[in-house]
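Thanks for coming. I will keep this short and go through one structure, from the overall fold down to a few side-chain pairs.

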Amino acid sequence: MRSPGVQLAGLGWAAPERRVTSAQIEADLGLEPGWIERRTGIRERRWASDGDTLSDLAAAAGERALASARIDRGAIGLTLLATSTPDHLLPPSGPLVAHRLGLERSGAVDLAGACAGFLYALSLADAHVRARGQAVLVIAANLLSRRINPAERGSSVLFADAAGAVVLAPDADPTRGAVAVSLASDGAGYGLVGIPAGGSARPFAADTPIEDTRMTIADGRGLFADAVKLMTACSREVLEEAVVAAEAVDRFVPHQANARIFSAVGARLGVRDEAMVSSIAEFGNSSAATIPLSLALSAEARPIAPGETLLLAAAGAGLTGGAMLLRA
C-alpha cells in the first residue's frame, strides 16, 4: 500500500462573487484614499453574501480540484478541511463537504490551524498518501468577513473570504511530494490575534458583547515581527534540509497575510522576485485559504511543470506556522 512519491494531482479555488474595494472600507473608516493598499497590498477582497456558507465555498473549491485531478472519487481516502470558520462549532464541516462531493469512501475532519492550517493539513496528507497509498483532498476555506469587527481597523482592512484545494495522489517517483517540512509554534504569542469569546474558556453568554465574538488584533506590530521571524526560520530550515538554494525555488507561495510580511520573508531568504506568488491585491487575507488559492491561481496563469520546486510558508494565530518544500 505504501507510495514512494506523492503527486500534486489537482488544484482548485473558489471565492464569493461580492467584491469589496479598499476604497469602500477607507470611506467607512475615515481613512485617506490609498491607505490600505500602501500598508497591506490589498486593493479589493471577496466577502460572502447572505446565504453563503463555508461548506458551499469549500465544496466549490474541492469540486474544481477533483475535476483538475481527473481522479475517481472512490480513490480519495481522506478529506482534510482547514478552517477557522466552520458552518457550526459542532459538528465539523469536513464530513458534510466530503458528502456533497460524493466522497463516500473518504474519512473527513476539520483542522483548526488558523493561517497555518493548510500547511499542517498538507503535511498530514503527504504522509497519508505515502503510508496508505490513497489519494487525499485538502481544502482550506474561510468566511472571515463574518468575524470582522467593523470598528477595528486592523481586522477590517485585512480579512476576506475564499477557498483553495489540492488533490495529492500516489506516484511512483520518490522525488515527488514533500521534500522537507518544518512546523513550528510559539505559544508566547498566543494573545496577539484571536476571538475573545465563544470557546470553553469564555463561553457565549446573554451579556457577551458582540465585539467579543469578532476577530481582534491585539498587537499588529508584534504579529508582523513574529510572523516574519517564524516564516523565515522555517523556510531556511527546509531549504537547508533539502540542500536547495533559495534562488533555485521556482515558486514561493507564502501565506498572504500582508504584502509587507511576505515581501520581507522573500527578501531575507533571497528568493527571486519572479518566483513570488501573490494573490493579496485581488483577494485579501483569507487565512489558511491563501496558499492553495494563490497556488491554484498561479497554475492557471502558468501550469506547474513536473519537477518544479515549490516553497510554501505560513504563520498566524497561536502562534503557529511552518514551511514546506514541495517537488511537483
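I will start with how to read the model, then the chain as a whole, then cysteines, salt bridges and one surface patch.

This is a predicted model, so to speak of its limits: local features need pLDDT of at least 70, side-chain atom pairs count only at pLDDT 80 or more, and totals for chains, interfaces and linings use all residues. Residues are numbered from 1 along each chain as its sequence is written, and side-chain values use heavy atoms, with hydrogens and water left out.

First, the whole chain. The protein chain has ten helices and 13 strands; helices (H or I, at least four residues) and strands (E, at least two) are DSSP runs, numbered from the N terminus. Its radius of gyration is 19 Å, close to the 20 Å from the globule rule for 328 residues, so the chain is as compact as a globular protein of that length. That radius is taken over C-alpha atoms, and the rule is 2.2 Å times the number of residues to the power 0.38. Along the principal axes, the C-alpha atoms fill a box of roughly 55 × 45 × 35 Å.

Of the 328 residues, 55% are buried. Buried means under 20% relative accessible area, exposed means over 50%, and partly exposed is in between (1.4 Å probe, protein chains only). The accessible surface comes to about 13900 Å², with 52% of it belonging to carbon and sulfur atoms; areas come from the Shrake-Rupley method with a 1.4 Å probe, and for residues only the protein chains shown count as cover. Among contacts (heavy atoms within 4.5 Å) with a separation of 6 or more, 78% are between residues 24 or more positions apart.

Next, the cysteines. How many disulfides are there? The count is zero, taking a disulfide as a pair of cysteine sulfur atoms within 2.5 Å. For Cys115, the nearest cysteine sulfur is that of Cys234, 14 Å away. Cys115 is buried, at 13% relative accessible area, and Cys234 is buried as well, at 4%.

Now the charged side chains. Side chains of opposite charge can pair when their charged atoms come close. Here the count comes to twelve salt bridges, each being a side-chain nitrogen of Lys or Arg within 4 Å of a carboxyl oxygen of Asp or Glu. I will show some of them.

One of them joins Glu32 and Arg38, at 2.9 Å from N to O. Glu32 is partly exposed, with a relative accessible area of 48%, and Arg38 is partly exposed, also with 48%.

Another pairs Asp56 with Arg100, the closest N and O atoms being 2.9 Å apart. This pair links distant parts of the chain: Asp56 lies in helix H3 (residues 54-69) and Arg100 in helix H4 (residues 94-100), 44 residues apart. Asp56 is partly exposed at 31%, and Arg100 is partly exposed at 41%.

Then there is Asp212 with Arg202, 2.6 Å from N to O. Both sit in the loop between E9 and E10, ten residues apart. Is Asp212 buried or partly exposed? Asp212 is buried, at 17%, whereas Arg202 is partly exposed, at 35%. Elsewhere, salt bridges that share partners join Glu37, Arg43 and Glu282 into one network.

Last, the surface. Leu89, Leu90 and Phe204 make a nonpolar patch of about 400 Å². Patches are made of residues with over 30% relative accessible area and no salt bridge, like charges being joined within 9 Å and nonpolar side chains (Val, Leu, Ile, Met, Phe, Trp, Tyr) within 5 Å. Phe204 is found in the loop between strand E9 (193-194) and strand E10 (216-217).
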